[in-house]
Amino acid sequence: MAYDLSNMGIDMNDPSTWHIDVEKLSDAQKDRFAGTKRFLSHHFGKEFADIAGSSITGGRTTAKRRKLEGNFAGFHSRISPVITGSHAKSFYDDPRDRIPSDLRDQDGSVAAEHCCDRCQLMTGTLEGVRSLVSPEGYQHFTCDQVRKEADISGCPCCELVRRMMAHCATCCESAMGNGVIRVWGVSEEDKTADGHPFRPSPRLEALKVRMPLDPLRNPEGKSHHDHEIGVIAFQESPAASYVVGRRPDKTLTPDLTQQLRKWFDDCQDGHDGHDSCPRRFSPVLPTRVVDIGDHDGSPYHLRINQSGTRGQYVALSYCWGGDQPYKTTTSNLDSYAREIDPAIFPKTLSDAIKVCRAIGMRYIWIDALCIVQDDQEDKAREIGQMGKIYKDATLTIMAASAKNVYGGFLEDTKMDAPEAKLPFHLGPDSFGAVFLRSPFNEHAYFLDEEPIFKRAWTLQEMLLSARIIMFDSYQVTLKCGRKRFWPAMPTYLHPESRLNSVTGNFSRTLEEFHLEALAKKYREQSFVLKEHDAAGFDIHTSQFSTQCRVWAAVMAEYSRRDLAVLDDRHPALAGITEELQSAWGGEFVAGFWKDSLLQHLGWVGGVGADEQYAGKKWERRLEGPSWSWMSHPSSVSVDPVAITDVEILGCEVELKYPDQPFGPVKWGSLALEARTMPLSALKTKSQFRPNIDPVWKRVSAILPVGTDGITLDFPERGLPEGELKAMILGVTFSSNEDFSLVCLVLRRLECDTYERIGVATVNLTFNGDPEALTNQAKREVVVIE
């Protein structure tokens, strides 16, 4: 490699002409000088770099020194395009790099010029990338130098390494300050023969960063500890051919389309770990589907299935966001059956059809078009079939980021927040850009904020679907029997949600399963907790009924989602309950499974002062019994009761529509034999001690210690006048030493019946005497309406 620097008074063949008084340079120029020397060492050898360095630091005339100082930036630009970017326009000029990230509170844009020379040379030179696959690896700074560089220059890459040391318990305690950090490239396969380690088949997946440890300062006596940093690039970047990872993007590029097709085929054929996924089959098509033809330009029409025709189809899950002027009605049904003008399709529907084309699917079910919206008989019949429609669909497209049918979901990608941007050597004077992703998912985004996760209807659409392609605000994710909302492309950016963290206090209860598979797996398990000693009991283990956990999670997740039409509250849950009943059996009453009714009866949900449900603020419960969470216009949570001595004597409900067993309930009565006491008895400050012996199995031996308080169903009303009782429901566990007593708070009505007005939670501890409260509770029959 040769450079013509004669116009700067520098002869590349005569190092004696290289003279700069380093002491007179600014700090920035000194940093550039140090970086240039390292660059010279990489390209011309260490001997040349040492000669040039010593020569540059020698004395020189003032005029010559000024001339060289004045041209230093230009010299550096010519000798090291990697660092200044003068020959890497595509590297620096991507406008997306200047857009503030949606994942950070402040400006989250990252720029390569912010990274130090040591980090840039690692990926920006051929020697650097070669060293990443060498046995010795790339020699980075020492641990102390990384911390210093992050503080002084603000190098994002060094800052990431420093955070890794700080977050890792092993490295934080025993990292060797003067030990050198080494970096290796993790690639798909062995390097190729043409000299570039990652061209293009053995693509770079990640950087393995090895932290040196002091063996005397860590318990295991380790000399090092390894971390991995994800390496990503934009799909259309020239560097994308060299690295596996991708910046999140929802555009249907060839790479993304190929990945979706591969997953779709593997999932149906049981390949590549998809053993638990439903196999390829052709179900009976729904009553109507939109036929988009088999190629671009094909006319669309509404296909009406009157003869039990079978075929694969896609179902669309999306937010309406108001009335749909293009919807199918009795007046346009015949014309739609002949042809539908694609121009009438709003953006969300048009995007869904693009996805169908990309993966080779011809039929798509869209509720606004496939249900006759002004025919009440057709509407009731088709809504009753929606659970089966989503269950039988070969694929569900979930337009998670679209607020309404006009928003679309392919062109609204939000910016993510990689930690650093580095140059990537492609060839002589040719560079691409790669980005580094933290292994800690520090800037995770939350699916709960997506519009579709706020709709009640879409819960059953998600749980019943065999496989889902979801387009959220940042990227495309996949869900099936093997994958759980996993990025379609390797972005190393994984979303968080209640569904994979704490739904109803049960970790990953809903997110981890396909409803049909889980229902069948636990078909034989009872809802009722089997008796056993309390010692070592943990509600999160398999000792607690999985079915009980599943329904508690459904209650919590479904209740927090909103509806546009209040009458849809029961129908929007019907698909889930019908599927579970087919596998579990049992009777479903007013939002509960009768076998587990006592476990879930202590649901908690106070309506907030400004809280709205179905478009209005509620000051009273909805139609139905007071003890049912489905009559409550707010989100609820429940810690299932693990131990109870309450006995169900009778349970009656009156359905609003007798032909809909999972439909709305007009009235309900629940007769229980239980321990009750005046509500005022729970306000005692005395301390009590439960017996630690086999009588654990009887609630009579477990009594409260003080009170955690009362949660009213409608807090703004306050405690009503009249006779108020606390009915002991049972004991809940959150850990081996943390358990509570749950009581229903009841108000006496006429005819010796009661209504539920809230829940009292009482913490249980291991000090005091339980006798004081035992004497205040009496066993009686209570009828709640």
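Ala590 counts as buried, at 5% relative accessibility, where buried means under 20% relative accessible area, exposed over 50%, and partly exposed in between, with a 1.4 Å probe and protein chains only. Please note that this is a predicted model, in which local features need pLDDT of at least 70 and side-chain atom pairs count only at pLDDT 80 or more, while totals for chains, interfaces and linings use all residues. Residues are numbered from 1 along each chain as its sequence is written, and side-chain values use heavy atoms, with hydrogens and water left out.

Let us stay with Ala590. This residue is found in the loop between β16 (588-589) and β17 (592-593). Helices (H or I, at least four residues) and strands (E, at least two) are DSSP runs, numbered from the N terminus. Ala590 is not a glycine, yet its phi is positive, about 50 degrees. Most residues other than glycine have a negative phi. Asp752 also has a positive phi, about 60 degrees, without being a glycine. Is Asp752 buried or exposed? Asp752 is exposed, with a relative accessible area of 51%, and its place is in the loop between β24 (738-748) and β25 (754-764).

I turn now to the chain as a whole. Of its 785 residues, 55% count as buried. The secondary structure comes to 23 helices and 26 strands. Consider next the contacts, meaning heavy atoms within 4.5 Å. Among contacts between residues at least 6 apart in sequence, 71% join residues at least 24 apart.

The next topic is a sheet. Eight strands form an open sheet with mixed pairing, in the order β7-β6-β9-β8-β10-β13-β14-β15. Two strands pair if DSSP finds at least two bridges between them. β7 (301-304) and β15 (486-487) stand at the edges with a single partner strand each, so one side of each is left without a neighbour in the sheet.

Which strands does β8 pair with? Strand β8 (residues 314-317) pairs with strand β9 (residues 363-365) in the parallel sense over 2 bridges, and Ala315 has Trp365 of β9 as its bridge partner. β8 also runs parallel to β10, joined by 4 bridges, and here Val314 has Leu395 as its bridge partner. β10, in turn, pairs with strand β13 (residues 468-471) in the parallel sense over 3 bridges, where Ile397 stands opposite Ile469.

In a regular strand the side chains alternate between the two faces of the sheet. Strand β10 (residues 395-398) is covered on both faces: Leu395 and Ile397 are buried on one side, Thr396 and Met398 on the other.

Helix α18 (residues 457-464) is also mostly covered, with 8 of its 8 residues buried. Among them are Trp457, Gln460 and Glu461.

Trp457 leads us to the largest pocket. On a 1 Å grid over the protein atoms alone, a pocket is an open set of points where a 1.4 Å probe fits, with protein on both sides within 12 Å along at least five of seven lines; lining residues have an atom within 4 Å of a point. The largest pocket is lined by 36 residues, of which Ile383, Met386, Trp457, Asp568 and Pro571 lie nearest its centre. The elements that give two or more residues to this lining are α16 (376-384) and α21 (571-584). Which element supplies the largest share? That element is α16, with 5 residues.
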